[in-house]
Amino acid sequence: KNALIGKIFWENLNMLNWDLFANFTEEEMACRHCGECEVTADLMEALQDLRDLIGPLVVSSAYRCKDHPVEIVKKAPGTGAHCRGLAVDIVCDNSSKRHQILKAAMPTWLGVGVSSKFIHLDRGHPEATRPALWTY
């Protein structure tokens, strides 16, 4: 009985009030592989702050479970920032929008990866050097 009470407590502690994030839904932040959504409140608050600064953002990837194909191929299972609910990839296919996102994100996001199609932003990573900036 105590184990069940503890499990319910921790599950509720980690639940987000999605009403606080008017511009994002749990569905768009969920794993595209399994449908679970374990993003952190810190990630969502920072993402909403970024959206408030620069306007609409299109999320291409947020939470990824340890069995997500990208996580399996590119990393040791469960070790990526996306797997830990700490990262988001934002669609970005023009240099003006890319510059706008980078300018607004650099002061507060700890991991920033830039490609020609998206920008990866993360709130930290316990096994990687942060702050960090990289390209794909």
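These are my notebook entries on a predicted model of one protein chain.

**Entry: overall layout**

I started with the secondary structure and counted 5 helices and 5 strands in the protein chain. Reading from the N terminus, I get the order α-α-α-β-α-β-α-β-β-β. I then looked up burial: 40% of the 136 residues count as buried. For contacts between residues at least 6 apart in sequence, I noted that 55% join residues at least 24 apart.

**Entry: helix 5, which side is buried?**

Next I went to helix 5, residues 95-105, and asked which of its residues are buried. My list reads K97, R98, I101, A104 and A105. They span an arc of only 140 degrees around the axis, so they sit on the same side of helix 5. That made me recall the general rule: an α-helix has 3.6 residues a turn, so residues three or four places apart point the same way.

I also checked the face turned away from the buried side of helix 5, and there I found the exposed residues S95, S96, H99 and K103.

What do the buried residues of helix 5 pack against? I wrote down helix 3 (41-54), strand 2 (87-91), strand 3 (111-114) and strand 4 (118-122).

I had a look at the start of helix 5 too. A side-chain oxygen of N94 comes to within 3.1 Å of the backbone nitrogen of S96 there.

**Entry: helix 3 against helix 5**

I wanted the geometry of this pair. Two packed helices are described by the angle between their axes and the distance between the axes. For helix 3 and helix 5, I have axes that come within 10 Å and cross at roughly 125 degrees. That angle makes helix 3 oblique to helix 5. I noted the crossing of the two as right-handed. On the helix 3 side, the contact is made by L50, L53 and I54; helix 5 brings in K97, Q100, I101, A104 and A105.

Is I101 buried or exposed? Its relative accessible area is 0%, so I101 is buried. Setting aside neighbours within four places in sequence, I find I101 in contact with L50, I54, L57, I90, C92, I119 and L121.

Leaving out residues up to four places away in sequence, L102 touches V112, V114 and I119. I119 is on my contact list for I101 as well. Between L102 and V112 I have 10 residues in sequence and 8.2 Å in space, C-alpha to C-alpha.

**Entry: the R64 and E71 pair**

R64 sits in the loop between strand 1 (59-61) and helix 4, while E71 belongs to helix 4 itself, residues 69-74.

How accessible is each?

- R64 has a relative accessible area of 7%, so I put it down as buried.
- E71 is at 0% relative accessibility and therefore counts as buried.

Which side chain does E71 make a polar contact with? It is that of R64, at 3.1 Å. Beyond residues up to four places away in sequence, I listed R64, C65, K66, G80, H82 and C83 as touching E71.

**Entry: the cis bond at P131**

Last, I checked the backbone. Most residues other than glycine have a negative phi, and most peptide bonds are trans. Here I noted a cis peptide bond joining R130 and P131, with omega about 5 degrees. Where is P131 placed? I find P131 in the loop between strand 4 and strand 5 (132-135). At 63% relative accessibility, P131 counts as exposed, because the cut-off for exposed is over 50%. I also looked up a separation along the chain: P131 and M106 are 25 residues apart, and their C-alpha atoms are 9.5 Å from each other.

Methods. Residues numbered from 1 in each chain as written. Predicted model: local features only at pLDDT ≥ 70, side-chain atom pairs only at ≥ 80, totals over all residues. Heavy atoms only, no water. Buried < 20%, exposed > 50% of the residue type's maximum accessible area, 1.4 Å probe, protein only. Helix = DSSP H or I, 4+ residues; strand = E, 2+ residues; numbered from the N terminus. Arc of directions from axis to C-beta. Contact = heavy atoms within 4.5 Å. Polar contact = N/O pair within 3.5 Å; in protein donor to acceptor, adjacent residues only side chain to side chain. Axes fitted to C-alpha atoms, helices over the stretch in contact; angles between N-to-C directions. Parallel < 35°, antiparallel > 145°, perpendicular 65-115°, else oblique. Left-handed = near helix turned anticlockwise from the far one by under 90°.
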